[in-house]
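Please look over the following notes with the model open.

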Amino acid sequence: MKYDFHHKKFIETDINPEKLAVSGSNSDIDWLTLRAKVEQLSGMLLDLHIPQGNTVIIYGHKEQSFAVAILACIHATVTYVPVDKIYPLERIRKIVSITQAQVLINCSNNKIDINFAVEINSVFKRTIHRRPVFQESHEQCSHDPLQYIMFTSGSTGEPKGVQITKNSTLKFIDWATEDFGFTGSDVFMNQAPFTFDVSLCDLFNAFALGGSLILNSTGIVKDQDAFIDRLKKYNCTIWTSTPSFAFLFLRHPGFKAENLPFIKTFLFMGEELPPRTCTLLESIFPDAYIMNAYGPTEATIVTTHVVVSREIIQKYSSVPIGYPMPGSELLILKENNEQKEGELVICGDHVSTGYFKNEEFNRNKFYLHNGKRAFRTGDLAYYEDDMLFFLGRNDDQVKLHGFRIELNEISNEICKNPEITDAVTIPLKRNNEIRKLITFIKTKNKNNIGQLKDSLISQLEKTLPYYMIPSDIVEVEEFTYNSSHKIDKNKLIENYLEKLNNI
């Protein structure tokens, strides 16, 4: 059995319908049960008569019901917004306020202190607290409704909702199922939160092909022995993650082909893939494919991909991000013709329709190119031998462990503390890889810096996800500035490292 995303129906195949469909942090379900649960939940959603453009919040972590809920929303043509338990309550409230969501699908056992009109629990029991008051439909073509809205870090302190439509997801699914080489026999290792679109690559491929989806909670992932045992138990064949996640396992004695013989493909996305990771991985899993893919959330998961061969590793100083998906166009905006690199612009039907109710950002980032939607990524890239290579960001947005972070959002949040007069957050890099975030602060008075740090961390933990909490907060007398009258971030980091070396 598999799911036809184009016609929104389950299709019988020669594959055993009692085959495992989803293994969650709480239970396993087969394909027959998946179909029954999806039809049950989608029926509930249809009964609510949710107007097009209105949203449903899906809350939880890596429960099997979270994956079911995503597919049910797609089945019922309802726009969903994934929200993970790792988010602090204040951030969830912001997302609910922005979307005006009236319906919650709570896949966890946690209670959320937010007043939804309708709540559906993890066993899909519905409670109607009051009659939902839905908003007028957001501007959206009826033939291409919003599939999901995924919130990312915003530089203004407010999270940005990336709108992805049904046709955009179909473009990705058609490309991935055709070109990535996966089959219905594959077992997909899934560890990224559902608020991170890397997770959807596994989900869409598994359901479209009739494979099996193995969800791994943060608790399991942090226990490397338990995580590897889980991969072994389910004979996982496809490993999808950020490069830094895989790097954590390279020295684990159980992470080797002899112990995990079924892994046939490592698919990397979400951040830059270092050549040394490829070299080490190839030595440990010599028969496995290594694939590198690239794409921002605004372009539906990924837009390019390439199989990283030994020849590629030996020929180039960095790992290419590959070739564009069919039907897309990738432009390099250069300041002059002599430059090799420039800002990467992605054009195509898979590009987002824009940020949800955020016209200011939309004007700066989105436009039409030859009648197709185009997105200015803020990433620097160049072409060589018809392949794209990534050079990094041209602004203050970074990726740490695959999570996209606007550094200004952290600084803005810290500046809400009355003791802080200014703040700047800077990534600390080693070998061009971001290791941690450092926030430099200026204060009104000479305070007990230890107490102030504790207070600031406590403040951030209430408003930002854990991965946005800086590793260190450093008080400085004044910021240094460069000749362009901008804060000299390199000098701040240089002084910081010098002090560390002198301790």
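Are F172 and F180 buried or exposed?

1. F172 is buried, and F180 is buried too. (Buried means under 20% relative accessible area, exposed over 50%, partly exposed in between, with a 1.4 Å probe and protein chains only.)

2. This is a predicted model: local features need pLDDT of at least 70, side-chain atom pairs count only at pLDDT 80 or more, and totals for chains, interfaces and linings use all residues. Residues are numbered from 1 along each chain as its sequence is written, and side-chain values use heavy atoms, with hydrogens and water left out.

3. The structure holds 36 aromatic pairs. (Rings of Phe, Tyr and Trp, the last by its six-membered ring, pair if their centres lie within 6.5 Å; planes under 30 degrees apart are stacked, over 60 edge-to-face, the rest tilted.) Y80 and Y148 make a tilted pair, with centres 5.6 Å apart and planes at 35 degrees. Both Y80 and Y148 are buried.

4. F172 and F180 pair edge-to-face, at 6.4 Å between centres and 85 degrees between planes. One aromatic cluster includes F227, W239 and F285.

5. K62 sits over the face of F194, 3.9 Å from the ring centre. (The test: NZ of Lys or CZ of Arg within 6 Å of the ring centre and within 35 degrees of the ring normal.)

6. T377 is buried, at 3% relative accessible area. Its contacts include Y294, K365 and R393, not counting residues up to four places away in sequence. (Contact means heavy atoms within 4.5 Å.)
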